[in-house]
Amino acid sequence: MEKKKFYITTPIYYPSAKLHIGHTYCTVAADTMARYKRLCGYDVMFLTGTDEHGQKIENIAKEKGVTPIEFLDNIVKGEKGILDLWKLMNISNDRFIRTTDDYHCKSIQKIFKKMYDKGDIYKGSYKGKYCTPCESFWTESQLVDGKCPDCGREVHDAEEEAYFFRLSKYAEPVRKLLEETDFLKPASRVNEMVNNFIKPGLEDLCVSRTSFSWGIPVDFDPGHVVYVWVDALFNYMTALGYLNDKYDDCDKYWPADVHFVGKEIVRFHSIIWPAMLMSMELPLPKHVYGHGWLVINGSKMSKSKGNVVDPYILAEHFGVDALRFFLLRTFPFGTDGNFSNELLINTINIDLANNLGNLVSRTCAMVEKYFGGTLPAEKEFDTADDDLIGLASTLRDKYEAEMENYQFQNALEEVFKVINRANKYIDETMPWALAKDEGKKPRLAAVMYNLLETVRICTTLLSPFIPESAEKIFDYIGACDGCRVWEKANVWGSLSQTVSVKKGENLFPRIDAEKALAELEAIAKEQKKEALPELETEPLLSENVDFDTFCKSDLRAVKIKACEAVKKSDKLLKFTLDDGTGKDRTILSGIHKYYEPEQLVGKTAVAILNLPPRKMMGHESCGMLISAVHTEKGEEKLHLLLVDDAIPAGAKLC
């Protein structure tokens with residue numbers, strides 16, 4: 001019997017030079033769904049990739065002095081690039097597409113021509129607002145406070161010859177698709193699309209550009225390049241071989257079962273994408289699922305906002321599986337999730353360390369302690385076991401219902417109800433007390449078997465979320481290959497009655513929250529410093545000073561005769577200076593953070609001498625020493641202006 005097919009995609013990602021945990025959220029969710037479907041016996045195609053054309057990339061490459069493809073190759077294939085990140089997060093994608101791939105580019109040219117020949121693409125002139133970071137066109141009415149409604153950044157006026165797609169032609173069928181079917185999920189996204197975009201009137205979409213060149217050329221009009229969202233959306237089909245000979249999987253996997261996309265690009269996937277497929281007379285994907293963002297203090301993660309969370313650092317500190325688990329356990333998939341390191345640590349400690357990890361380690365340790373690692377065949381089961389057995393036996397159906405609706409958090413909640421019940425079962429049955437009575441060994445063996453079998457079922461259902469850890473747990477509890485499958489996840493008693501266990505490493509050690517948070521805070525500070533410009537200086541003053549006013553400043557060379565710290569001040573140094581008059585002059589300067597007194601004695605500095613005296617910490621300061629100040633990697637630096645010691649005290653600077 002041929003396997004059922006399941007095709008799932010993530011959006012193709014813009015190749016960002018700074019990847020953050022938000023980039024992994026959608027892909028981890030899609031990977032978990034793909035692993036779940038494979039577990040269920042489906043023939044799965046899981047696609048991800050990178051969106052590599054557009055003005056934004058052309059501009060960045062130009063700034064860096066490299067070609068666009070050189071910039072992109074480094075971001076995609078370089079150290080800690082997108083491919084490295086997917087490997088780190090154990091992403092099991094079957095295919096990876098780059099929109100610069102030659103086969104894709106050729107397909108897009110054919111697609112564009114087909115829509116043009118049909119009359120759904122026509123030539124005109126574009127005049128309106130354009131957001132370069134989002135590669136999005138907007139009307140004046142769609143702007144929010146005059147800015148891009150998606151990213152909140154400035155838009156600019158754009159006017160150029162362009163081709164347009166007759167999006168308005170498909171407004172009614174797209175509206176019906178959204179309102180009369182479950183094409184777009186969750187349902188909360190439907191009203192947003194219909195009310196904000198379709199009801200005000202869909203305008204035809206600009207689908208070519210002439211103001212830059214980094215894109216797929218319109219082959220019948222070479223001055224134009226294809227708009228990136230036409231290029232990007234059709235990747236879901238070109239990656240299967242549509243209008244190219246690279247692959248031959250379109251008939252097998254299309255239409256897609258679901259596109260997982262961030263909420264900021266739901267408009268493109270739920271309005272523009274089905275309209276273009278209708279134009280091409282192609283089947284529509286079954287579902288588009290628009291998930292929320294990972295946010296920090298209510299704000300979307302963004303390099304420009306300085307709130308990027310590095311997945312490499314989190315994975316190093318807490319483990320990849322723990323990180324994967326946290327992303328889908330903590331936030332409902334579909335709404336925004338407010339990320340914090342405290343929440344991450346708390347989730348790991350409670351669910352993985354205290355509940356799952358504790359159940360596995362305690363159970364295996366007791367089997368080893370009481371039975372030498374192998375359960376005897378003789379067991380005595382009891383009605384006290386029924387509640388746990390009933391929960392574990394019916395878990396798969398509850399879990400499946402939530403997974404089929406992409407409710408990962410709810411699916412995990414069902415699993416952890418059973419895990420928590422198993423931990424409570426240990427307290428109720430008190431294996432340590434049973435072990436003291438030789439006559440109760442059969443009852444003790446039954447208790448241990450019930451715990452191991454519960455762990456087996458729960459681990460099977462957790463395997464899409466924590467794949468590496470699940471395999472280790474299966475090994476610890478002695479589960480054979482035939483016990484690790486979906487078909488056995490609702491069959492109680494599948495584990496061998498004489499199973500042997502082995503005690504392994506603690507998979508999820510409890511985290512010292514205070515220590516971990518301090519380490520992460522130190523790393524975050526260092527990252528912020530690294531992200532700052534190498535050197536910052538104060539901007540030049542725009543106000544002019546006339547020459548006569550400048551000449552009134554009496555700048556002189558002074559010899560530092562003595563220098564000492566001022567008591568009760570951690571900033572002030574007291575200088576005794578030879579200013580050439582024969583009398584000592586005292587000046588106080590707040591530079592103790594940068595210099596120790598003994599460093600400066602005997603040096604020649606520069607001071608303004610004709611400032612009015614002022615009291616500081618009980619001392620009179622007569623003048624001001626001159627210093628230079630700048631900021632380096634976010635840290636203020638100060639240098640006292642020192643001159644050649646051959647210059648005599650009192651020499652005037654001019």
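Just after helix H1, Gly 41 adopts a positive phi of about 100 degrees. The model described here is a predicted one, and in it H1 runs over residues 21–39, its 19 residues reaching 26 Å from the first C-alpha to the last, close to the 27 Å expected at 1.5 Å a residue. Because 17 of the 19 residues of H1 are buried, the helix is largely enclosed by the rest of the structure.

Ile 82 is placed in helix H4, which covers residues 82–88. With a relative accessibility of 2%, Ile 82 counts as buried, the cut-off for that term being under 20% relative accessible area. Leaving aside residues up to four places away in sequence, Ile 82 touches Tyr 13, Tyr 14, Pro 15, Leu 19, Thr 50, Ile 75, Val 76 and Phe 96. Cys 654 lies 572 residues from Ile 82 in sequence, and the C-alpha atoms of Ile 82 and Cys 654 are 58 Å apart in space.

## Nonpolar cores

In soluble globular proteins, nonpolar side chains tend to be buried together. Here the largest nonpolar core holds 105 residues, and Phe 260 and Leu 356 are the ones that touch the most other members. When residues up to four places away in sequence are not counted, the contacts of Leu 356 are Asp 351, Phe 416, Ile 419, Leu 462, Ile 466, Ile 473 and Phe 508.

Two packed helices are described by the angle between their axes and the distance between the axes. For helix H13 (residues 320–330) and helix H16 (residues 408–429), the axes come within 7 Å and cross at roughly 105 degrees, which means that H13 is roughly perpendicular to H16. H13 contributes Phe 325, Leu 328, Arg 329 and Thr 330 to this contact, while H16 contributes Phe 408, Gln 409, Leu 412, Glu 413 and Phe 416. By residue class, the contact of H13 with H16 divides into 5 nonpolar, 2 polar and 2 charged residues.

H13 also meets helix H14 (residues 341–371), where the two axes come within 10 Å and cross at roughly 95 degrees, and H13 and H14 are therefore roughly perpendicular to each other. On the H13 side the contact is made by Ala 322, Leu 323, Phe 325, Phe 326, Arg 329 and Thr 330, and on the H14 side by Leu 343, Leu 344, Thr 347, Ile 348, Asp 351 and Leu 352. The residues in the contact of H13 with H14 divide into 8 nonpolar, 2 polar and 2 charged.

H16 consists of 22 residues and spans 32 Å from its first C-alpha to its last, close to the 32 Å expected at 1.5 Å a residue. The helix is followed by Met 430, whose phi is positive, near 45 degrees.

Helix H15 (residues 386–404) packs on H16 at an angle of about 170 degrees, with the axes 8 Å apart; because angles over 145 degrees count as roughly antiparallel, H15 and H16 are described in that way. From H15 the contact draws on Asp 387, Leu 388, Leu 391, Ala 392, Leu 395, Lys 398, Tyr 399, Glu 402 and Met 403, and from H16 on Phe 408, Asn 410, Ala 411, Glu 414, Val 415, Val 418, Arg 421, Ala 422 and Tyr 425. The contact of H15 with H16 divides into 12 nonpolar, 1 polar and 5 charged residues.

## Backbone exceptions in loops

Most residues other than glycine have a negative phi, and most peptide bonds are trans. A cis peptide bond, however, joins Lys 185 and Pro 186, with omega about -10 degrees, and Pro 186 is found in the loop between strand S7 (184–185) and helix H7 (188–198). The peptide bond from Trp 254 to Pro 255 is likewise cis, its omega being near 10 degrees, and Pro 255 is placed in the loop between helix H10 (250–253) and strand S11 (258–262).

Asp 145, although not a glycine, has a positive phi of about 55 degrees. Asp 145 lies in the loop between strand S5 (136–138) and strand S6 (156–165), and is exposed, with a relative accessible area of 76%. Leu 243 has a phi near 55 degrees, a positive value in a residue other than glycine. Its place is the loop between helix H9 (235–238) and H10, and with a relative accessible area of 25% Leu 243 is partly exposed.

Definitions and conventions
Residues are numbered from 1 along each chain as its sequence is written. This is a predicted model: local features need pLDDT of at least 70, side-chain atom pairs count only at pLDDT 80 or more; totals for chains, interfaces and linings use all residues. Side-chain values use heavy atoms; hydrogens and water are left out. A nonpolar core is a set of buried Ala, Val, Leu, Ile, Met, Phe, Trp, Tyr and Cys residues joined through side-chain atoms within 4.5 Å. Buried means under 20% relative accessible area, exposed over 50%, partly exposed in between (1.4 Å probe, protein chains only). Contact means heavy atoms within 4.5 Å. Helices (H or I, at least four residues) and strands (E, at least two) are DSSP runs, numbered from the N terminus. Axes are lines fitted to C-alpha atoms, for helices over the stretch in contact, and angles run from 0 to 180 degrees between N-to-C directions. Angles under 35 degrees count as roughly parallel, over 145 as roughly antiparallel, 65 to 115 as roughly perpendicular and the rest as oblique. Ala, Val, Leu, Ile, Met, Phe, Trp, Tyr, Cys and Pro count as nonpolar, Asp, Glu, Lys and Arg as charged, and the others, Gly among them, as polar. The expected span of a helix is 1.5 Å times one less than its number of residues.
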